[in-house]
Amino acid sequence: MNALLENFQKLTNEFLDAVALFPDRARSIAPEGEWSAAFVIHHVADAELHFAARYWHILGSDNPGMPYFDEDNYPSALKYEKRSVAKSLAAIVGVRSMVLEVLSETDESSWSRITTAPDGAVFTLQDLLGKADSHMASHIAQLKELHTQIA
């Protein structure tokens, strides 16, 4: 599981590097119909909170239900346009650091603990970490692409 955790940390660093491409004044700029860097940062902060809750549920309960979250409603429902980028970045760093600390101490058998989604899909803790990594990687790519569009 060391490789999984190393990748988790690597993606955290890559995300922060992608965010650093945007000076503060450019974080709210977005091409028509796309999210700004600020919106991506808020979305990732919200998603990291969800992923962490899923990890905690799967580690602390036997086959807990895994709720989905409707990310399309979050920008308006959670007032992305009014949120602090600094606080969302702090949340990402804090949550991912805490998750890394906990998962670094997780025994081998816990990686196969399961959770069941509302549609009946079953995921292991290892699967969930993979989904979170894919999510983070896609938003790193999104930020890099956005930077090329507005630079």
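# A guided tour of the helices and one loop

Start by selecting helix α2 (residues 37–60) together with α4 (85–104): the two pack at an angle of about 25°, with their axes 9 Å apart. That makes α2 roughly parallel to α4, since angles under 35 degrees count as roughly parallel, over 145 as roughly antiparallel, 65 to 115 as roughly perpendicular and the rest as oblique.

Before moving on, a word about what is on your screen. This is a predicted model, where local features need pLDDT of at least 70 and side-chain atom pairs count only at pLDDT 80 or more, while totals for chains, interfaces and linings use all residues. Residues are numbered from 1 along each chain as its sequence is written, and side-chain values use heavy atoms, leaving out hydrogens and water.

Helices (H or I, at least four residues) and strands (E, at least two) are DSSP runs, numbered from the N terminus. Axes are lines fitted to C-alpha atoms, for helices over the stretch in contact, and angles run from 0 to 180 degrees between N-to-C directions.

## Stop 1: α2 with α4

Which residues make this contact? On α2, show residues including Ala38, Ile41, Ala45, Leu49, Ala52 and Trp56; on α4, show residues including Val85, Leu89, Ile92, Val95 and Val99. Contact here means heavy atoms within 4.5 Å. The residues of this contact divide into 18 nonpolar, two polar and two charged. In that count, Ala, Val, Leu, Ile, Met, Phe, Trp, Tyr, Cys and Pro are nonpolar, Asp, Glu, Lys and Arg are charged, and the others, Gly among them, are polar.

## Stop 2: α2 with α5

The axes of α2 and α5 come within 10 Å and cross at roughly 175°. That makes α2 roughly antiparallel to α5. Residues of α2 including Val40, Ala47, Phe51 and Tyr55 meet residues of α5 including Leu128, Ala132, His135 and Met136. This contact divides into 15 nonpolar, four polar and three charged residues.

Is alanine 132 buried or exposed? Alanine 132 has a relative accessible area of 0%, so it is buried (buried means under 20% relative accessible area, exposed over 50%, partly exposed in between, with a 1.4 Å probe and protein chains only). Leaving aside neighbours within four places in sequence, alanine 132 is in contact with Phe51 and Tyr55.

## Stop 3: α1 with α4

Next, select helix α1 (residues 2–19) and bring back α4: their axes come within 10 Å and cross at roughly 170°. These helices are therefore roughly antiparallel to each other. Look for residues including Leu5, Phe8 and Phe15 in α1, which meet residues including Leu89, Ile92 and Val99 in α4. The contact of α1 with α4 holds twelve nonpolar, three polar and one charged residue.

## Stop 4

Follow the chain into the loop between α4 and β1, where you find threonine 106. With 15% relative accessibility, threonine 106 counts as buried. The side chain of threonine 106 reaches the backbone oxygen of valine 102 at 3.1 Å. Not counting residues up to four places away in sequence, threonine 106 touches Leu59, Trp111 and Leu125.

Finish at serine 112, in the loop between α4 and β1 (114–116). What does the side chain of serine 112 reach? The side chain of serine 112 reaches the backbone oxygen of serine 109 at 2.9 Å. Serine 112 and threonine 124 are twelve residues apart in sequence and 5.1 Å apart in space, C-alpha to C-alpha.

Technical notes: A polar contact is a pair of N or O atoms within 3.5 Å; within protein, one must be able to donate a hydrogen and the other to accept it, and residues adjacent in sequence count only if both atoms are side-chain atoms.
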